[in-house]
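I opened the model today and kept a running log. These are my entries, in the order I looked things up.

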Amino acid sequence: MSRQPYVRPVSKTTWYMRNGRYRKYMLREVTCLLVGVYCFLTIWALAALAAGADTWNGFLASQQNTVMVVFHAFALVYFLIYQAFDWFKLAPKAMPVQLGEKKLPDRYIIIAHYVAWAFVSLFVFWLTGVI
Amino acid sequence: MAIAKKAFVWGLFAAGGTVTAFVFPVLIALFLIVALGIVPEGLRFENIYAFATNWVGKTALFIVISLSLWHAAHRLRVVFHDFGVRMDNAVANAVYLVALIGTVLTAFYLYKI
């Protein structure tokens with residue numbers, strides 16, 4: 001009486017293509033590559049800043065081309081959809097707020113995140129003189 | 001020990017994820033504005049230098065960059081697993097090493113400014 005459990009074959013490399021939710025998960029997870037790119041781009045900027053005015057202006061000039069415009073525009077839209085907005089949506093699951101017997105409704109936590117995000121963004125734009 | 005280590009790594013991941021969600025859209029937008037050929041007032045050398053010389057500016061830059069690096073490193077470790085790479089120890093050492101190098105470089109350049 002040997003038992004032969006059926007093991008459904010699942011590809012280790014393409015499993016997320018079977019289901020929309022898995023695909024969305026993978027689209028979110030790969031945002032870490034964008035985070036890495038922008039971290040090291042910012043570190044490069046800091047290195048240029050530490051080296052003096054000429055190097056800093058050279059760095060700014062090196063960033064001003066069509067390829068970078070296309071890359072940043074794509075990165076901005078992708079990052080907003082798959083990391084920023086997703087993170088705000090998950091926030092009430094990760095940090096539920098308990099009020100006595102009840103829980104604060106999810107939408108208040110999500111709205112608070114959007115308000116804080118708008119505030120942070122406007123503050124940075126104000127700080128850098130964009131607005 | 002294993003649990004303590006996991007909590008530490010996951011704590012950095014969560015903190016970094018929150019930082020990236022709040023700060024990276026505006027950071028990418030700034031790079032986009034510069035790429036379009038416009039240099040905002042605050043990114044001219046004197047102004048950005050003054051910001052990065054100030055300890056508040058230094059602290060803000062260090063926290064944002066280092067937490068984001070550790071967030072990305074931890075997520076990349078999981079991404080490797082999801083794409084079928086099963087050498088978790090080697091992957092973990094590699095991605096956390098890159099995050100560590102980035103953190104040290106950030107501290108070094110901020111110290112030099």
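**Entry 1: chain B, overall**

I began with burial in chain B. Buried residues account for 47% of its 113 residues. I note that this is a predicted model.

I then listed the secondary structure. Chain B holds four helices and zero strands. From the N terminus the order is α-α-α-α.

Next came the dimensions. The C-alpha atoms fill a box of roughly 50 × 30 × 20 Å along the principal axes.

I looked up the contacts in chain B with a separation of 6 or more. Of these, 66% come from residues 24 or more positions apart.

The accessible surface of chain B is about 5,800 Å², and 75% of that belongs to carbon and sulfur atoms. I also checked charge. Chain B has 8 positive and 4 negative charges, with mean positions 10 Å apart.

**Entry 2: chain A, overall**

Along the sequence they follow α-α-α-α-β-β-α. The radius of gyration is 22 Å, while the globule rule gives 14 Å for 131 residues, so chain A is more spread out than a compact globule. Its C-alpha trace spans about 80 × 45 × 25 Å along the principal axes.

Of the 131 residues in chain A, 37% count as buried. I took the contacts between residues at least 6 apart in sequence, and 45% of them join residues at least 24 apart.

Chain A exposes about 8,500 Å², with 68% supplied by carbon and sulfur atoms. I counted charges here too: 13 positive and 5 negative side chains, the centres of the two sets lying 16 Å apart.

**Entry 3: the interface**

How many residues of chain A are in contact with chain B? I get 55 residues of chain A against 56 residues of chain B. The area buried between the chains is about 4,800 Å², and carbon and sulfur atoms give 81% of it. On the chain A side, A:Leu46, A:Leu49 and A:Trp87 lose the most area to chain B, together 13% of what that side buries.

**Entry 4: B:Arg75**

B:Arg75 sits in helix 3 of chain B, residues 55–82. Is B:Arg75 buried or exposed? Its relative accessible area is 4%, so B:Arg75 is buried, the cut-off being under 20%.

I then looked for its partners, leaving aside neighbours within four places in sequence. B:Arg75 is in contact with A:Arg28, A:Glu29, A:Thr31, A:Cys32, A:Gln83 and A:Trp87 from chain A, plus B:Phe13 from chain B. A:Trp87 is also one of the residues that lose the most area to chain B.

**Entry 5: A:Val35**

I moved to helix 2 of chain A, residues 31–51, where A:Val35 is found. A:Val35 is buried, with a relative accessible area of 0%.

Not counting residues up to four places away, A:Val35 touches A:Phe79, B:Thr20, B:Phe24, B:Ser68, B:His71 and B:Ala72. A:Phe79 is 44 residues away along the chain, yet the two C-alpha atoms are separated by 8.9 Å.

**Entry 6: A:Val10**

I finished with another valine. A:Val10 lies in the segment before helix 1 (20–29) of chain A. Its relative accessible area is 45%, and A:Val10 is partly exposed. Beyond residues up to four places away in sequence, A:Val10 touches A:Trp15 and A:Arg18.

Definitions and conventions: Residues are numbered from 1 along each chain as its sequence is written. Chains are lettered from A and ligands numbered from 1 in the order in which they are written. This is a predicted model: local features need pLDDT of at least 70, side-chain atom pairs count only at pLDDT 80 or more; totals for chains, interfaces and linings use all residues. Side-chain values use heavy atoms; hydrogens and water are left out. Helices (H or I, at least four residues) and strands (E, at least two) are DSSP runs, numbered from the N terminus. Buried means under 20% relative accessible area, exposed over 50%, partly exposed in between (1.4 Å probe, protein chains only). Contact means heavy atoms within 4.5 Å. Accessible areas come from the Shrake-Rupley method with a 1.4 Å probe; for residues, only the protein chains shown count as cover. Lys and Arg count as positive and Asp and Glu as negative; His and the chain ends are not counted. The place of a charge is taken as NZ of Lys, CZ of Arg, CG of Asp or CD of Glu. Buried area is the accessible area (1.4 Å probe) that two parts lose on being put together, summed over both. The radius of gyration is taken over C-alpha atoms; the globule rule is 2.2 Å times the number of residues to the power 0.38.
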